[in-house]
Amino acid sequence: MAVPSFLHSIVEWLRGGYPDGVPEADYVPLLALLNRRLSDDEVQSVMDALIADGQLPADKAGISVTITKVTNEMPREEDVNRVRANLAAGGWPLADPFTIRRTD
């Protein structure tokens, strides 16, 4: 079975840094470096949820909460920006990221 090139690059990087294998104490820090990124399907799921829940115009907080609901993980700034960009490309309204909404 062929290994995807990005995975091959990661394996080669690990082998270069750890020619004798990864010490047990280094597993957690290494996994922390390999931050997960939302897949294209997850970005679409977040967008669908925002639209279905009537959370438009979408703001950073709303997008972040929805990402957390979809993935059960804390959102990364990069992923919030990807969702915003996809919403904007689709013509959906976005809230000004610097505007604080009043709730009264």
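These are my notebook entries on a predicted model of a 104-residue protein.

**Ground rules**

I number residues from 1 along each chain as its sequence is written.

**Entry 1: overall make-up**

I looked up the secondary structure and found five helices and zero strands. I take helices (H or I, at least four residues) and strands (E, at least two) as DSSP runs, numbered from the N terminus. The order from the N terminus is α-α-α-α-α.

Next I checked burial. I call a residue buried under 20% relative accessible area, exposed over 50%, and partly exposed in between (1.4 Å probe, protein chains only). Buried residues come to 21% of the 104 residues.

Then I turned to contacts, meaning heavy atoms within 4.5 Å. Of the contacts with a separation of 6 or more, 55% join residues 24 or more positions apart.

**Entry 2: helix 3 against helix 5**

Two packed helices are described by the angle between their axes and the distance between the axes. I looked up both for helix 3 (residues 40-52) and helix 5 (residues 77-89). The angle is about 65°, and the axes are 10 Å apart. The axes are lines fitted to C-alpha atoms over the stretch in contact, and the angles run from 0 to 180 degrees between N-to-C directions.

The crossing of helix 3 and helix 5 is right-handed.

Which residues meet here? Helix 3 brings D40, V43, V46, M47 and L50. Helix 5 brings R82, V83, N86 and L87. I sorted this contact by class and got six nonpolar, one polar and two charged residues. Nonpolar covers Ala, Val, Leu, Ile, Met, Phe, Trp, Tyr, Cys and Pro; charged covers Asp, Glu, Lys and Arg; the others, Gly among them, are polar.

I checked the length of helix 5. Its 13 residues reach 18 Å from first C-alpha to last, close to the 18 Å expected at 1.5 Å a residue. The expected span is 1.5 Å times one less than the number of residues.

The buried residues in helix 5 are D79, V80, R82, V83, R84 and L87. Their cover includes helix 3 and helix 4. Just after helix 5, G91 has a positive phi of about 85°.

Is R82 buried or exposed? R82 counts as buried, because its relative accessible area is 13%. I followed the R82 side chain to the backbone oxygen of L38, at 2.6 Å. This is a polar contact (a pair of N or O atoms within 3.5 Å, one able to donate a hydrogen and the other to accept it; residues adjacent in sequence count only if both atoms are side-chain atoms). Not counting residues up to four places away in sequence, R82 touches R37, L38, S39, D40 and V43.

D79 is also in helix 5. D79 has 3% relative accessibility, so I log this residue as buried.

I ran the length check on helix 4 (residues 60-71). The twelve residues should span 16 Å at 1.5 Å a residue, and the end C-alpha atoms are 16 Å apart, so the two agree.

In helix 4 I found G62, I63, S64, T66, I67 and T71 buried. Helix 3 and helix 5 are among what covers them.

S64 is buried because its relative accessibility is 15%. The S64 side chain reaches the backbone oxygen of K60 at 2.9 Å. Beyond its neighbours within four places in sequence, S64 contacts P75 and V80.

**Entry 3: the loops**

Where is P57? P57 sits in the loop between helix 3 and helix 4. The peptide bond from L56 to P57 is cis, with omega near 5°.

N72 follows helix 4 and lies in the loop between helix 4 and helix 5. Phi of N72 is near 60°, a positive value in a residue other than glycine. N72 is exposed, because its relative accessible area is 69%.

Methods
Predicted model: local features only at pLDDT ≥ 70, side-chain atom pairs only at ≥ 80, totals over all residues. Heavy atoms only, no water. Left-handed = near helix turned anticlockwise from the far one by under 90°.
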